[in-house]
Amino acid sequence: MPTFPSYAKLHKYPVKPESAVLRTEMESGPAKQAKIKSRVLVPRDMTCSLDSKADYLAFKTWIRIDIGRGSAWFDWADPEDGVTKPGRIVRGGVSYRALNGALTLWEASFQLETWDG
């Protein structure tokens, strides 16, 4: 399985797991709740720094070739707990932003999904 590139430095990101609970409102009394999933996907809005034009071009190649334009799963080290987990880019969508006029510093943004614990 491909591995997230070490030269792409991840920034902080929000973590909001999808719900594993089905909630049904009742005509009277409290709502009923039941666990319906044993594990859930955790989407995370990610941003990473690419500190050179070479890193930017290598990252674009990694997205296009190694993970099939973002469709394939890859291993990445979750900064939250240090555990290597499989992840994939939601819908393969990655956006890039140049951080300077010389086009040598870049930022890539995407939504990553991974399984919880």
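Reply: Happy to. In this predicted model, β5 and β6 form a hairpin with six residues between them. Gly-82 sits in the turn and has a positive phi of about 75°. Strands here are DSSP E runs of at least two residues, helices are H or I runs of at least four, and both are numbered from the N terminus.

Me: How many bridges do β5 and β6 pair over?

Reply: Four, in the antiparallel sense. Two strands count as paired if DSSP finds at least two bridges between them. Ala-77, for instance, has Thr-84 in β6 as its bridge partner.

Me: Which residues of β5 are on its covered face?

Reply: Phe-74 and Trp-76 are on the covered face, while Asp-75 and Ala-77 are on the uncovered one.

Me: Before we go on, what should I know about the numbering and the cut-offs?

Reply: Residues are numbered from 1 along each chain as its sequence is written, and side-chain values use heavy atoms, with hydrogens and water left out. As the model is predicted, local features need pLDDT of at least 70 and side-chain atom pairs count only at pLDDT 80 or more, whereas totals for chains, interfaces and linings use all residues.

Me: And what pLDDT does the chain average?

Reply: The average is 88, and 95% of the residues score at least 70. pLDDT is the predictor's confidence in each residue, from 0 to 100. Confidence is lowest in strand β2 (residues 21-24), with a mean of 79, and highest in α1, at 96.

Me: Back to the strands. What is the order of the sheet?

Reply: The order is β1-β4-β7-β6-β5, an open sheet of five strands with antiparallel pairing. At the edges stand β1 (9-10) and β5 (74-77); each has a single partner strand, so one side of each is left without a neighbour in the sheet.

Me: What packs on that sheet?

Reply: Helix α1 (residues 53-66) does, touching β4, β5, β6 and β7. Its direction makes about 125° with that of β6. For that angle, axes are lines fitted to C-alpha atoms, for helices over the stretch in contact, and angles run from 0 to 180 degrees between N-to-C directions. Contact means heavy atoms within 4.5 Å.

Me: Which residues of α1 are buried?

Reply: Asp-55, Tyr-56, Phe-59, Trp-62 and Ile-63. Buried means under 20% relative accessible area, exposed over 50%, and partly exposed in between (1.4 Å probe, protein chains only). Seen down the axis of α1, the buried residues fall within an arc of 120°, so they line one face of the helix. That arc is taken from the directions from the helix axis to the C-beta atoms.

Me: Why would residues three or four places apart point the same way?

Reply: An α-helix has 3.6 residues a turn, so residues at that spacing point the same way. On the other side of α1, Ala-54 and Ile-65 are exposed.

Me: What comes after α1?

Reply: Gly-68 follows, with a positive phi near 55°. Arg-69 also has a positive phi, about 60°, although it is not a glycine. Arg-69 is in the loop between α1 and β5, and counts as exposed at 56% relative accessibility.

Me: Let's switch to β7. Is it mostly covered or mostly uncovered?

Reply: Strand β7 (residues 106-115) is mostly covered, with seven of its 10 residues buried. Strand β4 (residues 41-50) pairs with β7 in the antiparallel sense over 10 bridges. Leu-41 has Trp-115 in β7 as its bridge partner, and Cys-48 has Ala-108. Strand β6 (residues 84-98) also runs antiparallel to β7, joined by eight bridges, and Ser-95 stands opposite Ser-109.

Me: And Glu-107, buried or exposed?

Reply: Buried, with a relative accessible area of 18%. Glu-107 lies in strand β7. Leaving aside neighbours within four places in sequence, Glu-107 is in contact with Thr-47, Cys-48, Ser-95, Tyr-96, Arg-97 and Leu-99.

Me: Last one: what does Leu-10 touch?

Reply: Not counting residues up to four places away in sequence, Leu-10 touches Phe-4, Met-46, Thr-47, Cys-48 and Trp-76. Leu-10 is in strand β1 and is partly exposed, with a relative accessible area of 27%.
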